[in-house]
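Subject: Structure for you to look at

Hello,

Here is the structure that I promised to pass on, with the sequence alongside. Please open it first, and then read my notes below with the model in view.

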Amino acid sequence: MKGIIIYKGKYGATQQYAAWLSAALNIPVATAGNETKDQLKDADYIIMGTSVYIGKLQLRDWVKKNQDLLAGKKLFLYLVSGTPAAEKEKLEGYIIGSIGADIGNKCTCFFLPGKLEFRKLSWVDKCLLTMGAKLAKGRGESISVADYNDVKVEHLSGLIASVHKLSEVSV
Ligand SMILES: Cc1cc2nc3c(=O)[nH]c(=O)nc-3n(C[C@H](O)[C@H](O)[C@H](O)COP(=O)(O)O)c2cc1C
């Protein structure tokens, strides 16, 4: 079966997961918009990777643009964020809010932990994060502005197993 990874991130976490997936599954990887039309058309399955900023998926515009083509494919989606995987409802809300239920419900989804290095953020992102943390505090929630890095290859085991299963079924 032919697969491809399409991803969009900002500071390297989504990209790192994409590179690990590409090596583990031996399939090509492209940043959103840099894939060829044929690569998409010929793929049996597509792994979409995206990080989350202020509740929105980085990949949302690409998904909307390619919606018709995606509708006919087996879709995997991995979401990289600061929200723990246990907060499933919130994470699913990000997906449906950004790409809609039609495509969102078609995806087999995986929620992966990301990383944050505050000093490396653009000044806009520094402001957004600081403001977001203050607003969250007011709502009784918490958004961390402290650095963290939970990007680990072992978080991909579920996704890799799921793709392997798909390939076995279709043999
Ligand atoms: C300005 C900003 C906004 C963010 N907003 C959210 C958010 O709404 N929800 C969330 O779970 N994580 C949020 N995050 C955490 C990122 O999703 C996390 O840092 C992720 O690892 C980024 O991956 P990337 O480097 O591939 O873009 C935010 C981070 C920044 C810097």
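I begin with helix H6 (residues 123-138), whose 16 residues should span 22 Å at 1.5 Å a residue, and since its end C-alpha atoms are 23 Å apart, the two values agree. The expected span is 1.5 Å times one less than the number of residues, and helices (H or I, at least four residues) and strands (E, at least two) are DSSP runs, numbered from the N terminus.

Before going further, please keep in mind that this is a predicted model, in which local features need pLDDT of at least 70 and side-chain atom pairs count only at pLDDT 80 or more, while totals for chains, interfaces and linings use all residues. Residues are numbered from 1 along each chain as its sequence is written, and side-chain values use heavy atoms, with hydrogens and water left out.

Which residues of H6 are buried? They are Asp125, Leu129, Gly132, Ala133 and Ala136, where buried means under 20% relative accessible area, exposed over 50%, and partly exposed in between (1.4 Å probe, protein chains only). These residues cover an arc of only 100 degrees around the axis, which puts them on the same side of H6; the arc is that of the directions from the helix axis to the C-beta atoms. An α-helix has 3.6 residues a turn, so residues three or four places apart point the same way. The face of H6 turned away from the buried side carries the exposed residues Trp123, Lys134, Leu135 and Gly138. On the buried side, the packing is against E3 and strand E7 (115-116), with contact meaning heavy atoms within 4.5 Å.

Helix H7 (residues 157-169) can be read in a similar way. In H7, the buried residues are Leu159, Ile160, Val163 and Leu166. They cover an arc of only 120 degrees around the axis, which puts them on the same side of H7, whereas Lys165, Glu168 and Val169 are exposed on the face turned away from that side. The partners against which the buried residues of H7 pack are helix H1 (13-25) and the strands E3 (45-53), E5 (74-81) and E6 (107-113).

Two strands pair if DSSP finds at least two bridges between them. E3 runs parallel to strand E1 (residues 3-8), with 6 bridges, and parallel to E5, with 7 bridges; in the latter pair, Ile47 stands opposite Phe76. With strand E4 (residues 56-57), E3 runs antiparallel through 2 bridges.

Where does Ser81 lie? Ser81 lies in strand E5, and at 8% relative accessibility it counts as buried. The side chain of Ser81 reaches the backbone nitrogen of Thr83 at 3.1 Å, a polar contact being a pair of N or O atoms within 3.5 Å; within protein, one must be able to donate a hydrogen and the other to accept it, and residues adjacent in sequence count only if both atoms are side-chain atoms. A polar side-chain atom of Ser81 also lies 3.4 Å from an oxygen atom of the ligand.

The ligand itself is surrounded by 24 residues, of which the closest are Lys10, Thr14, Tyr53, Thr83 and Lys115; a residue is near a molecule or strand if one of its heavy atoms lies within 4 Å of it.

Best wishes
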